[in-house]
Structures are given as structure tokens and as C-alpha cells.
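Student: Please present the model and its conventions, and then take my questions in turn.

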Amino acid sequence: MQEDRIFSPFELKGFRLRNRLGVAPMTRMSSPGDSIPRQDVLDFLVRRARNGAALVYTEAIVTDYESAQGYPGQARLVTQRQIDAWRPVVEAIRDAGAVSIMQMFHCGRIAWKEINPAGRTLAPSSLIPRDPNHLTGKPYPVPDEMSQFDIDHVILGFVETARGAIAAGFDGVEIHGAHGYLINEFLSAYANRRTNGYGGSVAHRYRFLHEIIQAVAPVIPADRLLTVRLSDWGVVDMDVSLLGPQDEYQELIRRVSAEPIDAISVSTYDFREKAFGTDRNMSQITREATHLPIMICGKIYDRATVEEALKDTDIALSAKSMLLNPNWVEEVRQGRPLRPYSSAEADIAYTETPLP
Ligand SMILES: Cc1cc2nc3c(=O)[nH]c(=O)nc-3n(C[C@H](O)[C@H](O)[C@H](O)COP(=O)(O)O)c2cc1C
């Protein structure tokens, strides 16, 4: 019975997830000044673990103090104070029976200079998105095309942040390669026009992510998790397919699957949507190209959508339902009638209003 699949345990490397439902990563912009999230934002994650989520992702944590930040008030995890702030959160999530994963990212060209102390924005190529920045209303600034020094330096930021997560006790670390941010920009011919070994073929566009994974993996102990998140869409220029066509996407998935990682997290806008002009969705197309566990996300909001999403994947993540409905896991279990939430409703995430 499908209901059993949702609430049946799943072995993710050494971790036994008590069900197939997780809190998707959600930026909260609550960390101005010291890059430590507000206490109520940290407590929110613990409450979702206590209310039954098997897996709890952090917001996207920024990997350096120079060019990685994409939004005001994002968190970091490289100082002892930041590590000390997360440690009790991680312990409480574990005590509640859930697994914790720190997600880390570099925003690439989806940024503006004022919010990064170094006053720079970086990207594989000096190209801006077509859409303006919806927070500032202005066009994005033209990014610096990353030099080899920049590339090596940015990779070190991922390594340091992963070390911070391990020091804080997280069960795992995720490399955020989705949503049109820096890694996704390298992966996509839409933003990457380089001809110097980091651009061109899928293999060359993949090189940056490969180097990040290879640098991060050695700092992840054997009993912790390393995951990668990917998406075919970005937060700006949303209509553009970033990783297609299908054969290029599946080549990417095969390359990622050959790395020392434990799961692939696929972010969609709507998991049911057919992808790359085929009659199959992202879960099905990803499943064909990997034996790794797959997490899927995107408009999963009630028992029927969870069941459908788990047909081709192993774990269903929800952002908006987990954000706005504290009893979501239990209500999925009961098969209660539930509705999808809108992005406008989720904007409460960025306010000081404490969530239930
Ligand atoms: C408030 C909010 C913040 C988000 N921040 C992140 C983030 O930091 N990292 C990330 O990978 N995705 C982020 N997302 C995307 C979600 O993880 C998810 O992929 C998307 O909302 C679709 O899932 P849903 O339909 O369940 O909301 C965010 C979404 C919301 C609503």
C-alpha cells in the first residue's frame, strides 16, 4: 500500500529515516550582522522535527564573506559563534528523531554588490539574467567573469562551510547546485559561455561542481551524508531550461552519480510537469540515469501528491507546506484534504513574524 511507503523507514547510508517526508531548504533572511539565524527561525526547524519530519534541511548557508551572499540577512557557518549557535539545534533535531542536513550555496550572479562585503558579484561569464532583481527592482550588476584564483577561492568557501557544519554536528551537508545560482550557472550553457575548460561540453560545464565535490568530500566523515541539489529552473528567467536537453541532463546526473555522494535532490516547480519536451517528469528522467537515492520537491502538498511523487523517488521534500502547516506530516498521514500554498503566502518566511 502506498500509504505504507510514505511512512515506511528509508535507509540513507547509515541513517534510518522514519518516513519519506523532509523539510526542504528555506532561506529566511533572519541573520543580519552576525550571520546567525534568529532564535525563532532555529526553533522552527526543531519543531518540524518534533512534528514528524524525517529529514530537516537548513536554509541555504552562504559560503564566504566576499561574494557568496544573494539576499540580505543570510547565515554563515564558519566562525565558532556560528557553530555554537547551530549545535543545540542539531542536537534537538536528532533528539526528535530526525536527520539534519546543512545546505550551502554561492549565489553567483543572483546578487548585488551592496550585500557582499567585497563589493563584487561573480559568475562563470560576465552576463546578467534577462529579468531584473525583484528585490531591488534594478537589473542585476554585470558580474566579474571568475578567474582561476576566484574559482579556487570559492571552492575553499564550500570546504570551510562544510567543516563548520561537521563541527556543529550536522548529519550531512548539501551542495546547492540548483535555482540559477553559481554552480547551476556553471552547469548551464545559458549562463556559462566559457571556453577554457569550465565551459562548452557537459563535461567542462560540470568541472566546477566536480571540483567542489572532490574538495568537500574529504571533510565529510564516513558516517555523515553528502548530497547535491539540482534543478532545471532558476529563480530568475524562470521559463528557461537550464540543464536540458534531456540527454545533457542525464549525462550530468550520471556524472554526479559517479561522485562520492549519497543522494541527489531534484527541485522542480511542479514535480508532475513533463520535462525536456518528453512525456516524463523530472523524477522519471532522473531515475533512468542514477541508482542513488532521489529526493523530489515541488508542489507536493497532500497524501495523493506525496504518493505520486514517491513512485519514482525515495524522499519527498516540501517547502511551503512544511513552512506554513506545522501539522503537515500528521495531516498527510491522516489523508486530510490539504491545499498547495502560494509563493505570496510563503513570503512570511522573510518577516519577523514567528511561525507556528
Ligand atoms: C521561503 C522559501 C525559501 C527558500 N529557500 C531555499 C533555499 O535556501 N535553498 C533551496 O534550495 N531552495 C529554497 N527554496 C525552494 C524550496 O526548497 C522548494 O524547492 C520550492 O519552494 C518548491 O517546493 P514547494 O512547492 O514544496 O514549496 C525556498 C522556498 C521558499 C518558499
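**Strand pairing and helix packing**

Tutor: Cys297 has Leu317 as its bridge partner in β12. The model is predicted: local features need pLDDT of at least 70, side-chain atom pairs count only at pLDDT 80 or more, and totals for chains, interfaces and linings use all residues. Residues are numbered from 1 along each chain as its sequence is written, and side-chain values use heavy atoms, with hydrogens and water left out.

Student: How many bridges join β11 to β12?

Tutor: Strands (E, at least two residues) and helices (H or I, at least four) are DSSP runs numbered from the N terminus, and two strands pair if DSSP finds at least two bridges between them. Strands β11 (residues 294-297) and β12 (residues 315-318) run parallel, and the bridges joining them number 3.

Student: Which strands form the closed barrel?

Tutor: The barrel has 8 strands with parallel pairing. Their order is β3-β4-β5-β8-β9-β10-β11-β12.

Student: Within what arc do the buried residues of α7 fall?

Tutor: Buried means under 20% relative accessible area (1.4 Å probe, protein chains only). In α7 these residues are Gln246, Tyr249, Gln250, Leu252, Ile253 and Val256. The arc is taken from the directions from the helix axis to the C-beta atoms. Seen down the axis of α7, the buried residues line one face of the helix, because they fall within an arc of 155°.

Note on methods: Buried means under 20% relative accessible area, exposed over 50%, partly exposed in between (1.4 Å probe, protein chains only).
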